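Subject: Structure handover

Hi,

Here is the structure I promised to pass on to you. Please open it alongside this email, and I will go through what turned up.

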Amino acid sequence: MVRSALGRPNSLERGPKKFARYIPAVSVGAASLLALMPLVTQVGWVPDFGLLLLLAWRLLRSDVIPAWWAAPLGLFNDLVTGLPIGFSVATWTASMIVLDLLDRRTMWRDYWIEWALAAVLLLANEAFRWWVDAAMGAAYSFKATLIPLMVAILTFPLAAWAASALDRWRLGR
C-alpha cells in the first residue's frame with residue numbers, strides 16, 4: 001500500500017467545508033443569540049454581539065458577507081434581542097454600506113484602522129439606539145450608553161479573532 005494513503009491529507013488536498021458560504025451568517029446569528037444569556041444587571045453593559053461579529057467578518061473579508069445579508073441578519077437580531085423591529089436592519093445595513101464606501105476609497109487598512117472603524121460604527125449604533133429609545137419615551141442620559149459602548153469597543157478584538165478562527169476552519173486551513 002502506498003504510504004501517502006495511510007497518512008492524513010496534507011493542506012493542499014483539504015478544501016473548504018461543505019457549507020462554507022453560510023458559516024459567516026450562521027455565526028452572526030449565533031452571536032445574536034448570546035443576548036439570551038441569563039445575566040441580571042442594573043445597567044445593560046452587554047454589547048451587541050451580533051453586530052460585533054458582523055463588523056469583524058466584514059472587516060476581515062469583504063467577500064464573504066454581501067451587504068444585503070445585513071437586513072435578514074438584523075431582523076433576526078431584532079427578534080432575538082427585543083429591539084424595535086427594523087432597528088438592527090437599518091443600522092446594520094447602514095454599517096455595511098459605509099464599509100463598502102470606505103473600501104472603495106481606501107487603498108489599505110491595518111488592524112488599528114479597522115478597530116477605529118468598528119469603534120465609530122459602534123458609537124453610531126449606540127447613539128441611534130439612544131435616540132430611538134428617547135423617541136419611544138425612555139429618556140435616559142447618554143452617559144448610560146458609554147459603558148456598553150466601551151465594552152463593545154474593547155471586545156471587538158475578540159470578535160475579530162473569532163471571525164478569523166472561523167474563517168480558517170471553514171476554509172480548511
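Below are notes on the fold, the core, the pockets and the aromatic pairs.

First, the ground rules. This is a predicted model, in which local features need pLDDT of at least 70 and side-chain atom pairs count only at pLDDT 80 or more, while totals for chains, interfaces and linings use all residues. Residues are numbered from 1 along each chain as its sequence is written, and side-chain values use heavy atoms, with hydrogens and water left out.

**Fold**

The protein chain has seven helices and zero strands, where helices (H or I, at least four residues) and strands (E, at least two) are DSSP runs numbered from the N terminus. Of its 173 residues, 36% are buried; buried means under 20% relative accessible area, exposed over 50%, and partly exposed in between (1.4 Å probe, protein chains only). Among contacts (heavy atoms within 4.5 Å) with a separation of 6 or more, 70% are between residues 24 or more positions apart.

**Core**

A nonpolar core here is a set of buried Ala, Val, Leu, Ile, Met, Phe, Trp, Tyr and Cys residues joined through side-chain atoms within 4.5 Å. The largest one has 32 residues, and Val 28, Leu 53 and Phe 156 are among those with the most contacts inside it. Two or more residues of this core come from each of H2, H3, H4, helix H5 (87-105), H6 and H7, with H3 giving the largest share, eight residues. Leaving aside neighbours within four places in sequence, Val 28 is in contact with Gly 50, Leu 53, Leu 54, Trp 57, Ile 65, Leu 73 and Trp 92.

**Pockets**

Pockets were found on a 1 Å grid over the protein atoms alone: each is an open set of points where a 1.4 Å probe fits, with protein on both sides within 12 Å along at least five of seven lines, and lining residues have an atom within 4 Å of a point. Points are joined across faces, edges and corners, and a volume is the space filled by probe spheres set on them.

The largest pocket holds about 520 Å³ of space. Its lining has 25 residues, with Gly 44, Trp 45, Val 46, Pro 47 and Arg 129 nearest the centre. By class, that lining has 14 nonpolar, seven polar and four charged residues; Ala, Val, Leu, Ile, Met, Phe, Trp, Tyr, Cys and Pro count as nonpolar, Asp, Glu, Lys and Arg as charged, and the others, Gly among them, as polar. H6 supplies the largest share of this lining, three residues.

The second largest pocket has a volume of about 190 Å³.

**Aromatic pairs**

There are seven aromatic pairs. Rings of Phe, Tyr and Trp (its six-membered ring) pair if their centres lie within 6.5 Å; planes under 30 degrees apart count as stacked, over 60 as edge-to-face and the rest as tilted. Trp 112 and Trp 115 are stacked, at 5.5 Å centre to centre and 25 degrees between the planes. About one helical turn separates these two, because they are three residues apart in helix H6 (residues 111-135). Phe 128 and Trp 131 are also stacked, with 5.8 Å between centres and 20 degrees between planes. Phe 128 is partly exposed at 32% relative accessible area, whereas Trp 131 is exposed at 51%. Together with Phe 87, they form one aromatic cluster.

Happy browsing!
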